[in-house]
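Hi there,

Here is the structure I promised to pass on. My notes on it follow below.

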Amino acid sequence: MRSEVREWIEAALDATGEQTEIELVGDMIRDIPARVFSELLGVDAEKHAAFISRISEESVRIFEMDPELAGPSTAAWSELTRWVDELLEIHEPGTPDANVLDHMLAQKAMGKMSDEDIRVSLVTLLAASTDTTQILAGLMFTSFLDNPDQWQRLREDPSLVPSAVTEAARYRPGDAWIFRVATVDKEIAGVPVYAGDHVFALIGAAHRDPAVFTNPEIFDIGRTGERLPLNWGVGRHFCLGRMFAVMELEEMLRATSARWVTIEHSDPAAAREASYLDAGTSVHIRVTPAN
Ligand code: HEM
């Protein structure tokens with residue numbers, strides 16, 4: 001899917017024309033994970049991507065733990081479930097492995113999945129894939145905005161794109177923790193954990209551990225040979241879509257660093273006020289285009 005993603009990104013950037021003031025999330029980032037999700041699912045990206053990205057953004061706000069957001073977020077979940085139900089009604093089953101939906105329908109035909117399994121899986125997949133990638137992309141660009149020397153380094157050596165994405169994921173992970181329920185009693189780093197306990201592993205802290213990363217507070221896109229960041233989990237439930245997210249981020253970085261000599265916050269005061277995760281909804285920048 002890399003070539004398609006590249007085309008979508010270039011088209012989004014072309015659409016910004018001669019603009020030097022750009023809102024990165026709305027102008028480019030938001031559409032890409034939603035389009036990838038549409039393709040995986042087997043639905044028309046042109047028709048559905050805008051809905052998918054909106055619903056993804058609204059539904060995951062439940063995790064902000066703000067009671068005011070509970071109503072709108074629950075409404076978004078219901079809207080999403082209705083959309084999946086309609087999709088299941090109108091979708092003509094195709095080749096079993098053509099896409100995720102056809103694969104699931106083939107499983108259903110074999111009696112291995114129910115409609116409810118499919119509905120829950122699709123809703124979960126949407127939440128797992130779109131907003132996560134969008135937030136990490138926004139945070140990746142804010143790391144470059146705060147470290148212009150690394151932007152210059154990337155422009156001079158585009159072969160650093162893959163390690164730059166890894167470093168961006170370490171430096172500012174979108175998801176700050178991984179959640180587990182202990183199945184046995186165990187001591188972790190001197191802390192007793194008992195079977196049934198809920199454990200939140202703070203990966204944001206682990207990513208700045210000086211025992212693991214050299215100069216962890218420094219954003220260094222040339223890091224090699226160090227531990228991979230934990231953004232995508234560990235073990236049995238390791239993220240199934242990591243390669244999609246990484247590929248999308250790589251292509252965003254490749255396209256923008258080729259086009260823009262410099263990037264800076266267009267409103268530095270507002271950027272200072274913004275919360276960490278605001279980068280998932282908007283990143284206002286000013287760019288100097290290359291010729
Ligand atoms: C930056 C983007 C992403 C982040 C940070 C992320 C993060 C995660 C994390 C932390 C887990 C749980 C791992 C664990 O508990 O050990 C997970 C699981 C999962 N992710 Fe992702 N993910 C991303 C993108 C995607 C994409 C693009 C897809 C699909 C196209 C996807 C599909 C899944 C699925 C299906 C699981 C469940 C795996 C299982 O339980 O066996 N994710 N992801």
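**Helix H5 against helix H7**

Trp77, Leu80, Thr81, Val84, Asp85 and Leu88 of H5 touch Asp115, Ile118, Arg119, Leu122, Val123, Leu126 and Ala127 of H7, where contact means heavy atoms within 4.5 Å. By class, this contact of H5 with H7 holds nine nonpolar, one polar and three charged residues. Here Ala, Val, Leu, Ile, Met, Phe, Trp, Tyr, Cys and Pro count as nonpolar, Asp, Glu, Lys and Arg as charged, and the others, Gly among them, as polar.

Before I go on: this is a predicted model, with local features needing pLDDT of at least 70 and side-chain atom pairs counting only at pLDDT 80 or more, while totals for chains, interfaces and linings use all residues. Residues are numbered from 1 along each chain as its sequence is written, and side-chain values use heavy atoms, with hydrogens and water left out.

Helix H5 (residues 67-90) packs on H7 at an angle of about 125°, and their axes are 10 Å apart. Axes are lines fitted to C-alpha atoms, for helices over the stretch in contact, and angles run from 0 to 180 degrees between N-to-C directions. The two helices, H5 and H7, are therefore oblique to each other; angles under 35 degrees count as roughly parallel, over 145 as roughly antiparallel, 65 to 115 as roughly perpendicular and the rest as oblique. The crossing of H5 and H7 is right-handed, meaning that the near helix is turned clockwise from the far one by less than a right angle.

**Helix H3 and its partners**

The axes of H3 (residues 31-41) and H7 (residues 115-146) come within 9 Å and cross at roughly 150°. That makes H3 roughly antiparallel to H7. On the H3 side, the contact is made by Pro33, Ala34, Phe37 and Leu41, and on the H7 side by Leu122, Leu125, Leu126, Ser129, Thr130, Thr133 and Gln134. These residues divide into seven nonpolar, four polar and no charged.

H3 also packs with helix H1 (residues 2-15), at an angle of about 145° and with axes 11 Å apart. Glu4, Val5, Trp8 and Ile9 of H1 meet Ile32, Arg35, Val36 and Glu39 of H3.

Cys239 sits in the loop between helix H10 (203-206) and helix H11 (242-259).

Overall, the protein chain has twelve helices and seven strands, taken as DSSP runs numbered from the N terminus (helices H or I, at least four residues; strands E, at least two).

Best wishes
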